[in-house]
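Q: I'm new to this structure and would like a guided tour of it. Please begin with a close look at a single part, and then show me how the rest is laid out.

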Amino acid sequence: MIGGMTAATVALSMFSLQEGASLGTLVPAILVALLIAMAGCALLNATIERVAYRPLRRAPRLVPLITAIGVSFILQNVALIWKGSAPIAMPRSLPDGSIFTIATCPNCVVYTWNRLFPILITVPVLIGLVWLVRYTRRGKAMRATAQDKDAAAMMGIDVNRTIAFVFLLAGALAGAAGVLFAFYFQTIRYDTGFTIGLIAFTAAVLGGIGNLPGAVLGALLIGLIQAFVEGLSWHSPGPGWTTTVVFSILIMILVFRPQGLLGEQTPEGG
Amino acid sequence: MARLNVRDRMQSGFWRGLEAVGIRDARRRWEAQSPFLQRSLPPLVIAALVLVLAWVAGVPPHPTLLGLLAVVYALYLLPRRARRIALPLTVLGIALAYPFLWANELNGTNALFEIPVFKAFPNMDTMVAIVIFAMMAIGLNMVVGYAGLLDLGYVAFYAIGAYTAAWFASPHFASVDFEFGAIGVPEGVDGFHISIWLVVIIAAIITAVAGVLIGLPTLRLRGDYLAIVTLAFGEIIHQAALNGDADGISALLDTKTDFNLTNGAFGINPVDPPGFGSWLSDHLGLPADFIVENGTYVNFVTLIYWSAIGLLLFTVFCSIRLRDSRLGRAWIAIREDEVAAAAMGVPLMRTKTWAYAGGAFFGGIAGAWYGSFKQGVFPDDFLLNFSIFILCMVILGGMGNVWGAIAGAAFLTYLDKEGLSNMAGWFNERDFVLFQCEPVAQDPSKPFSAGCLNAPLLATGIYGSILVLAMLFRPQGLIPEERRQREIEEGVHDEPLMDVRQAPEEGPG
């Protein structure tokens, strides 16, 4: 959410982005927005980890959870102080010419360039992440820490640094997601991130916590379900019930298949 | 530890100062005095000094303030065991007498003194909200404080309670005409009209059942997952309330229906106000109707307020008795160590579900009563923010402590309803160097604009900060519960297998 805000600010103030801007302005604008938003959010998240979570690493389980809720409320309020409660509008900057068309209009499906944009960013990020977690020393340290902090520490892994790195990474990804959101939906507000965050969590749980391709699969499924609930005329309950349906799915999965579609058994579920 | 040192140093400095003035052996002679004198004299001297200084500075002591200080001082003098009983009774007495103090404030006779920064004392509407939210805080405290289950969807129970009141005591279901001991509505108005006292009981039972239904699938989860699922339930209830009108239900069921459950975004309005009805009025002298002024009774809000205090006392009683019961001890055992509790034969699921049902029960009572007090139920009252608001009360006061929950509720509700806007008013009246308020240029959508403070917009940030700061610096809360404090100090948690106390700060990697 902060990421999206940053993106909007960067795009509007530094590049004075307008409707139908040329590719020459658009690409650097997106890249700079991405860079600044990712770096900013990464630093912010790492700072939060240092200040609010690290002192509580040995506290009872409830304590860091409550802190996390508190932090999310504080962040929302920071965004409110920064930008006010009115939504920020972005220009329709992404090109929306069609790439290909299925069937003949008016009953056609048009795939436009702006729809390709999130995929263009997500796929390289996903590949990079999978590589990082599966094949690097850092990734191995991350997985070891997740399994057992104490054993990881005994094996010579710097637990604090590993966790801080994870928070940096998570912040950067959230910042990137914010940029995508701001450019694609063209409107962003201080509390945009909340529901999206919950839906993202649902997607991660659906795919299986700790499983990156699973998270992407989960997100795709949730997106499809949302589309069916909201738009397609086939017996759909309409947009009013989206969150209800998505969260019902979340509850069902956690109850019946806590390991998710592709995941392994975790101690928290089941 | 550091604070103790400062205190010690100040004390020894004081005695050395006396020596320097020429009073010899002051400390030894003082410590030879009776313990009662040693305890009673210093606060008296300090208070007198402060009051005289304030008087000299132009603030004459207010009689109400002096009275309050005297009460506090008397409580301070009481021995510990007597104070345990006297303190709640005093607070109760002041709370019961508050409507009269407030009436004086409105008349201008013997008005209350002004609180610095916050300016005003809470008005009666806020007092009612405080009492009702305290009830909810106690209910949530059962789940979070006793059983240690983080519930972020407590607002769902509030919503269910409030909507129950709206269904059984309002003209909403116009096709039915059913009255039973109804108050506040003339005969022959359509819809269910059941006496609010019965509605409160119905609401409590319905929410308790809802608590069981929500709890059964979710309570098998632990930690983060339970928190998220309860949060999701809260959101589902909110959305169901928002879309529970004929259109929304038709869309959900994919068939055309005229059944309107919650009246959508407009909410159910009006809901019948409370009262005792003519039979109880004739036989016991209780007010038949909270709206009509009849002779001795002051007004609507005061009667609601006193009745709410009655319900709060009931809640406190149940909460404390439950905590000391077999069930309550099982809750605390689960909170401290789930595995050990299970090994000792505590049935985990059943015990947790009872905690949920218990918390929901009181949430339902409070919700129904608040709906009846506001005479309307609106879906946007039931957002996540409210769950966090109540959670904040429990945590600020001290998890597991009933009195802490009440104190937290009083403080935060006052802040939310009046305190923050009063504070902003105080801030904006003054010309600080950086903040010179220009009301004309103020942007109402921002907390800070044109040098003006719009404090109510900072509410979520304040709740968040309270949660974080409390967790970092005082996880046991302002009024800690003894057992909980020991748990936190000794670090009881669910990962006892390899208890490496301190993770290495620096290592190869």
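A: The expected span of a helix is 1.5 Å times one less than its number of residues. Helices here are DSSP runs of H or I with at least four residues, strands are runs of E with at least two, and both are numbered from the N terminus. What you see is a predicted model, in which local features need pLDDT of at least 70, side-chain atom pairs count only at pLDDT 80 or more, and totals for chains, interfaces and linings use all residues. Residues are numbered from 1 along each chain as its sequence is written, while chains are lettered from A and ligands numbered from 1 in the order in which they are written.

Let's zoom in on helix 10 of chain A, which runs over residues 242-256. With 15 residues at 1.5 Å each it should span 21 Å, and its end C-alpha atoms are 21 Å apart, so the two values agree. Its buried residues (20 or more other C-beta atoms, placed from the backbone, within 10 Å of their own; exposed means 12 or fewer, partly exposed in between) include Val245(A), Val246(A), Phe247(A), Leu250(A) and Ile251(A). Thr243(A) and Thr244(A) are buried in this helix too.

Now step back to the whole of chain A. It has 10 helices and 4 strands, arranged along the sequence as α-α-α-β-β-β-α-α-α-α-β-α-α-α. Of its 270 residues, 38% are buried. Two residues are in contact if their C-beta atoms, placed from the backbone, lie within 7 Å. Among the contacts of chain A with a separation of 6 or more, 62% join residues 24 or more positions apart.

Where they meet, 10 residues of domain 1 of chain A are in contact with 6 residues of domain 2 of chain A. Helix 4 (residues 113-135) of chain A gives the largest share of the domain 1 side, 4 residues. That side divides into 7 nonpolar, 2 polar and 1 charged; Ala, Val, Leu, Ile, Met, Phe, Trp, Tyr, Cys and Pro count as nonpolar, Asp, Glu, Lys and Arg as charged, and the others, Gly among them, as polar. Helix 4 of chain A also holds Leu116(A). Leu116(A) is partly exposed because 13 other C-beta atoms lie within 10 Å.

Next comes the partner chain. Chain B has 19 helices and 4 strands, and buried residues make up 40% of its 509 residues. Its domain assignment gives domain 1 (10-97) and domain 2 (125-391), with 43 Å between their centres, taken over C-alpha atoms.

How do the two chains touch? In all, 57 residues of chain B are in contact with 52 residues of chain A. Elements of chain B that give two or more residues to its side include helix 8 (196-218), helix 9 (223-242) and helix 16 (384-397). Helix 9 of chain B gives the most, with 12 residues. The chain B side divides into 33 nonpolar, 15 polar and 9 charged residues.

Just after helix 16 of chain B, Gly398(B) takes a positive phi of about 125°.

In soluble globular proteins, nonpolar side chains tend to be buried together. A nonpolar core here is a set of buried Ala, Val, Leu, Ile, Met, Phe, Trp, Tyr and Cys residues joined through C-beta atoms within 7 Å. The largest has 180 residues, and Ala137(B) and Ile390(B) are among those with the most contacts inside it. Helix 6 (residues 124-146) of chain B gives the largest share of this core, 17 residues. Leaving aside neighbours within four places in sequence, Ala137(B) is in contact with Ile390(B), Met393(B) and Val394(B), among others.

Finally, a word on confidence. The pLDDT is the predictor's confidence in each residue, from 0 to 100. Its mean over chain B is 81, and 88% of the residues there reach 70 or more. Over residues 494-509 of chain B the value is below 50. The model scores ipTM 0.81 and pTM 0.84.

Technical notes
Domain bounds come from an automatic or database domain assignment.
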